[in-house]
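Visitor: I would like to learn how to read a few features of a model. Please take them one at a time.

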Amino acid sequence: MKLANIQVALRRSGVDGWLFFDHHRRDPAAYRILGIPDEVSASRRWYYLIPVQGEPIKLVHRIESRALDSLPGVKTSYSSWPDQQEKLASMLRGIQRVAMQYSPQCAIPLVSIVDAGTVELVRGTGVEVVTSADLLQEFEAAWTDSQVQSHLRAGELVDRVRKEAFELIGERLRNGLGPTEYEVQQFIRGRLAQLDLTTDHGPMVAVNSHASDPHYDPARDSSAQIQHEDLVLIDMWAKLQTPGAVYYDITWTGFCGETVPSPIQNVFEVVTTARKAASDFVIRQVAGGASPKGFEVDDVARSYIRDRGFGDYFFHRTGHNIGTEVHGTGANMDNWECHDDRLLIPHTCFSVEPGVYLPEFGIRSEVNVYVGEGSARVTGEEQVEIVRV
């Protein structure tokens with residue numbers, strides 16, 4: 001835990017402290033940020049207050065009195081529930097505004113971890129509870145230099161496997177029988193493993209109408225055979241198998257034929273132009289010294305698609321934060337599923353992946369954008385033409 005850095009951030013944010021709370025390891029971000037060992041049990045409630053200045057305060061149950069011993073600060077123990085409430089009020093004495101893993105109206109679900117009853121309990125002591133969303137992003141989503149390098153290396157390898165997957169489809173089609181979606185998925189998983197990459201699930205390999213399901217997962221016994229004149233969408237993500245490595249996440253579209261039908265070509269151009277408009281918006285804003293917000297990026301892509309008549313067919317957010325988990329805890333490019341008003345802060349990365357999902361076929365195009373100090377960039381290859389398979 002970087003106590004001094006956290007207290008600097010607290011002063012900058014204008015709150016009097018950051019109150020961490022957990023029970024049964026419901027808040028994985030708290031364990032990561034504080035550096036609590038994996039073996040620590042949490043069958044009883046604990047609280048950890050980092051004040052804007054001074055020494056942290058721990059409140060733990062007597063049965064698990066050593067739960068926070070790895071952390072600095074003064075330790076207090078409780079046993080009964082009245083004892084807990086009394087000592088919680090005591091540790092918050094002098095605090096007017098405290099940040100917690102809370103999001104008003106659950107606007108950002110990944111931040112909304114502390115239960116409503118605990119928020120009520122803290123408010124009952126006379127303390128105002130505010131969201132820790134920006135603090136979480138600063139201490140959870142910002143990458144180190146080594147993580148940036150792990151992302152770029154993963155990108156090189158994932159882009160290589162993506163090319164190989166489309167080549168496999170083409171080769172099998174030329175030999176008379178195309179592979180199934182499931183076979184291509186398993187080919188990709190095998191190649192990722194051979195290249196020492198790991199992924200939590202997927203990838204998505206989807207043909208025609210299946211590509212209109214953004215979370216389609218081909219099954220061994222029911223996946224479609226890929227045939228001539230089919231549209232194929234591949235969404236894949238992976239990271240290096242090294243501690244702290246972060247993900248690279250892309251989506252590309254191919255067509256199994258020489259001439260792409262005009263409806264598919266039209267939607268592809270709409271989607272890729274919307275994608276580029278959104279990433280270019282971020283790049284321009286950051287270069288000009290501004291810090292755009294997640295919802296603003298979503299607005300750029302969505303308005304372009306809506307103006308071309310496909311607004312009803314774009315029904316998910318434009319992008320998500322990327323970290324050690326493919327869906328990280330930083331700002332999402334979202335003004336659709338949620339209103340994410342978090343700033344895109346330096347040293348964070350996110351996807352830009354608008355899509356149009358018609359009954360007959362779906363197209364999504366995805367790149368990753370990294371925000372550095374005073375500049376932002378797309379970190380891998382950008383699809384500008386449909387792959388001719």
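Visitor: Which residue of strand 12 is the bridge partner of N321?

Guide: The partner in strand 12 is F350. This is a predicted model, in which local features need pLDDT of at least 70, side-chain atom pairs count only at pLDDT 80 or more, and totals for chains, interfaces and linings use all residues. Residues are numbered from 1 along each chain as its sequence is written, and side-chain values use heavy atoms, with hydrogens and water left out. Helices (H or I, at least four residues) and strands (E, at least two) are DSSP runs, numbered from the N terminus.

Visitor: How many bridges join strand 11 to strand 12?

Guide: Strands of a sheet pair through backbone hydrogen bonds, either parallel or antiparallel. Two strands count as paired if DSSP finds at least two bridges between them. Here strand 11 and strand 12 run antiparallel and are joined by 2 bridges. Strand 12 also pairs with strand 15 (residues 367-371), antiparallel over 5 bridges, and V352 stands opposite V367 there.

Visitor: Is strand 12 largely enclosed or left open?

Guide: Buried means under 20% relative accessible area, exposed over 50%, and partly exposed in between, with a 1.4 Å probe and protein chains only. In strand 12 (residues 348-352), 5 of the 5 residues are buried, so the strand is largely enclosed by the rest of the structure. T348, F350 and V352 point one way, while C349 and S351 point the other.

Visitor: What does G319 touch?

Guide: Contact means heavy atoms within 4.5 Å. Leaving aside residues up to four places away in sequence, G319 touches N332, M333, S351 and E353. G319 lies in the loop between helix 9 (294-307) and strand 11 (321-322), and is buried, with a relative accessible area of 0%.

Visitor: How should I read the order of an open sheet, and which strands stand at the edges?

Guide: The open sheet of 6 strands has the order 4-3-2-1-5-6, with mixed pairing. Strand 4 (74-78) and strand 6 (128-131) are at the edges, each with a single partner strand, so one side of each has no neighbour in the sheet. The twist averages 25° from one strand to the next. Within this order, strand 1 (residues 17-22) and strand 2 (residues 46-51) pair antiparallel over 6 bridges, and F20 is opposite Y48 in strand 2. Helix 3 (residues 81-91) packs on the sheet, touching strand 1, strand 2, strand 3 (57-61) and strand 4, and its direction makes about 155° with that of strand 4. Axes are lines fitted to C-alpha atoms, for helices over the stretch in contact, and angles run from 0 to 180 degrees between N-to-C directions.

Visitor: How many aromatic pairs does a search of the whole structure find?

Guide: Rings of Phe, Tyr and Trp (its six-membered ring) pair if their centres lie within 6.5 Å; planes under 30 degrees apart are stacked, over 60 edge-to-face, and the rest tilted. The search finds 6 pairs. One of them, F21 with Y47, is tilted, at 5.1 Å centre to centre and 40° between the planes. F21 lies in strand 1 and Y47 in strand 2, so the pair ties together parts 26 residues apart in sequence. Both F21 and Y47 are buried. Y31 and W46 form an edge-to-face pair, at 5.8 Å and 80°.

Visitor: Which residue lies over the face of Y31?

Guide: A charge sits over a ring if NZ of Lys or CZ of Arg is within 6 Å of the ring centre and within 35 degrees of the ring normal. R25 lies over Y31, 3.9 Å from the ring centre.
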